[in-house]
Amino acid sequence: MTPPDATVQGQPGRGTEAAPAVSVCRTLARRADFLAAARAKRQSTPGFLLQARPRRPDEAPGEGIRVGFTCSRKVGNAVARNRARRRLRELARLVLPQAGRPGWDYVLVGRPDVTARRDFAAMTADLRRALARLHREAT
């Protein structure tokens, strides 16, 4: 099985605006990382909650951008949670490589009924706006 085609700069007949097929972000896996992000800065949007924090120099050096996703049972049954998480993963894949900062951890938290149904273009704009606000406050 071959990986999905990614648009490559300069290839004739292909667009150059799409994100790479494979994300440049690492995934948060440890509970302690999620708890640390929950204690840090947050930005609310209509479709999800964004939690973000700059990592200390002594933790996870050289890992670039790290991202985590969470959808509680309030979001719905397993099918609804998985759909919401898939949409959050795609948002992160499209936006974080350009708008995220290396050395930061981000957690996207799904909202009940909204994350799975909100217009995807609106959610993309929400994430860009939320990242800009968080980074503006951090400097």
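Mentor: The count of salt bridges comes to 10, where a salt bridge is a side-chain nitrogen of Lys or Arg within 4 Å of a carboxyl oxygen of Asp or Glu. This is a predicted model, in which local features need pLDDT of at least 70 and side-chain atom pairs count only at pLDDT 80 or more, while totals for chains, interfaces and linings use all residues. Residues are numbered from 1 along each chain as its sequence is written, and side-chain values use heavy atoms, with hydrogens and water left out.

A salt bridge joins D105 to R55, with the closest N and O atoms 2.6 Å apart. This pair links distant parts of the chain, for D105 belongs to strand β5 (residues 104-110) and R55 to the loop between β3 (48-54) and β4 (66-70), 50 residues apart. Helices (H or I, at least four residues) and strands (E, at least two) are DSSP runs, numbered from the N terminus. Both D105 and R55 are buried; buried means under 20% relative accessible area, exposed over 50%, and partly exposed in between, with a 1.4 Å probe and protein chains only.

D105 also forms a salt bridge with R66, and here the closest N and O atoms are 2.8 Å apart. Because D105 lies in strand β5 and R66 in strand β4, this pair ties together parts that are 39 residues apart in sequence. R66 is buried, as is D105.

Another salt bridge runs between D126 and R118, whose closest N and O atoms are 2.9 Å apart. D126 counts as buried because its relative accessibility is 4%, whereas R118, at 24%, counts as partly exposed. Salt bridges that share partners join R30, D33, R53, R55, R66 and D105 into one network.

In α1 (residues 31-38), the residues D33, A36 and A37 are buried. They cover an arc of only 100 degrees around the axis, so they are on the same side of α1; the arc is that of the directions from the helix axis to the C-beta atoms. The cover over the buried residues of α1 includes β2 (41-44), β3, β4 and β5.

Strand β4 also holds V67, which is buried because its relative accessible area is 4%. Leaving aside residues up to four places away in sequence, V67 touches C25, R26, T27, L28, A92, L96, Y106 and L108, a contact being heavy atoms within 4.5 Å. From V67 to R93 the C-alpha atoms are 9.7 Å apart in space, and the two residues are 26 apart in sequence.

The rings of W104 and Y106 have centres 6.1 Å apart and planes at 15 degrees, so the pair is stacked. Rings of Phe, Tyr and Trp (its six-membered ring) pair if their centres lie within 6.5 Å; planes under 30 degrees apart count as stacked, over 60 as edge-to-face and the rest as tilted. W104 is buried at 7% relative accessibility, and Y106 is buried with a relative accessible area of 0%.

R81 is found in helix α2 (residues 78-99). It is buried yet has no salt bridge, and the nearest side chain of opposite charge, D113, is 12 Å away; Lys and Arg count as positive and Asp and Glu as negative, with His and the chain ends not counted. Beyond residues up to four places away in sequence, R81 touches C71, S72, R73, V75 and G76. D113 itself lies in the loop between β5 and α3 (120-138) and is exposed, with a relative accessible area of 53%. Its phi is near 65 degrees, a positive value in a residue other than glycine.

The protein has 3 helices and 5 strands, which follow the pattern β-α-β-β-β-α-β-α along the sequence. Of its 139 residues, 37% count as buried. Among contacts between residues at least 6 apart in sequence, 73% join residues at least 24 apart.
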